[in-house]
Amino acid sequence: MKDDTCIFCKIANGEIPSATVYEDEMFRVILDMGPASRGHALILPKNHFSDVCALDEETSSKVLALGAKIGAAMKKSLGCDGFNLVQNNGEAAGQTVFHFHMHVIPRYAGGPDMVSWKPGEASAEELAKTAECIRKELE
Ligand code: AMP
Ligand code: ZN
């Protein structure tokens, strides 16, 4: 299923040109136009899903392995020392394009710093309460 108003549907399906690094029947992987580091890529399913909660099983079962494959290729081709797989869901989480995508961000020794957070603090009691809260929803 495609969404005629969605730019990532158009890019994924080749209607808008992109710097493509990989393509198969289900996915196109392109370079991000505002790269966090050299090689920053986006894995786009060819079908439209707004976010991770909307993915079908086939897509979700393949996307992580594809992230690993692209990241491994980046280590060999670009010489990065590691990579982050990042995936934003919802405006509050930083999602700006509402077609599911997974970022593959090469990381080079020496920075820049990114995709990080400042560790907070929580008591064991608070952790237990929060875990219970989520667990109930999953029952
Ligand atoms: P997110 O904030 O997770 O929704 O990520 C959206 C990403 O898509 C950003 O990193 C943008 O730089 C990138 N982006 C938006 N439009 C395009 C485009 N036409 N081609 C390549 N990357 C894009
Ligand atoms: Zn789309």
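Me: Which side chain makes a polar contact with the side chain of Gln87?
Reply: In this predicted model, the side chain of Gln87 takes part in a polar contact at 2.8 Å. Gln87 itself is placed in the loop between strand 4 and strand 5. The partner in that polar contact is the side chain of Asn89.

Me: Is Gln87 buried, partly exposed or exposed?
Reply: The relative accessibility of Gln87 is 21%, and a residue counts as buried only under 20% and as exposed only over 50%. Because its value falls in between these limits, Gln87 is classed as partly exposed.

Me: Which residues is Gln87 in contact with, leaving aside its neighbours within four places in sequence?
Reply: Neighbours within four places in sequence are set aside here, and a contact asks for heavy atoms within 4.5 Å. With that rule, Gln87 is in contact with Val52, Phe100, His101 and Met102.

Me: Where in the chain is the place of His101, which UniProt gives as "active site"?
Reply: The "active site" label comes from an unreviewed UniProt entry, which puts the feature at His101, and such an annotation may be inferred rather than shown by experiment. As for the fold, strand 4 covers 82-86 and strand 5 covers 102-107. His101 therefore has its place in the loop between strand 4 and strand 5.

Me: Is His101 buried or exposed?
Reply: The relative accessible area of His101 is 5%, and the limit for a buried residue is under 20%, counting protein chains only. Since 5% is under that limit, His101 is buried.

Me: What does the side chain of His101 reach within the protein, and at what distance?
Reply: Leaving aside neighbours within four places in sequence, His101 is in contact with several residues, among them Phe8, Leu42 and Val86. The side chain of His101 also reaches a backbone oxygen, that of His99, at 2.7 Å.

Me: Which residues come nearest to ligand 1?
Reply: There are 16 residues around ligand 1, and His101 is one of the residues that come nearest. A polar side-chain atom of His101 lies 2.9 Å from an oxygen atom of the ligand.

Me: How far does a backbone N or O atom of Thr96 lie from an oxygen atom of ligand 1?
Reply: Backbone atoms also approach the ligand: a backbone N or O atom of Val97 lies 3.1 Å from an oxygen atom of ligand 1. For Thr96, the corresponding distance from a backbone N or O atom to an oxygen atom of ligand 1 is 2.7 Å.

Me: How much of the accessible area of ligand 1 does the protein cover?
Reply: On its own, ligand 1 has 510 Å² of accessible area. The part of this area that the protein covers is 81%.

Me: What is the bridge partner of Thr20 in strand 2?
Reply: Strand 1 (residues 20-23) and strand 2 (residues 27-31) pair in the antiparallel sense over three bridges, and a hairpin of three residues joins them. In strand 2, the residue bridged to Thr20 is Ile30.

Key:
Residues are numbered from 1 along each chain as its sequence is written. Chains are lettered from A and ligands numbered from 1 in the order in which they are written. This is a predicted model: local features need pLDDT of at least 70, side-chain atom pairs count only at pLDDT 80 or more; totals for chains, interfaces and linings use all residues. Side-chain values use heavy atoms; hydrogens and water are left out. Helices (H or I, at least four residues) and strands (E, at least two) are DSSP runs, numbered from the N terminus. Buried means under 20% relative accessible area, exposed over 50%, partly exposed in between (1.4 Å probe, protein chains only). A polar contact is a pair of N or O atoms within 3.5 Å; within protein, one must be able to donate a hydrogen and the other to accept it, and residues adjacent in sequence count only if both atoms are side-chain atoms. A residue is near a molecule or strand if one of its heavy atoms lies within 4 Å of it. Accessible areas come from the Shrake-Rupley method with a 1.4 Å probe; for residues, only the protein chains shown count as cover. Two strands pair if DSSP finds at least two bridges between them.
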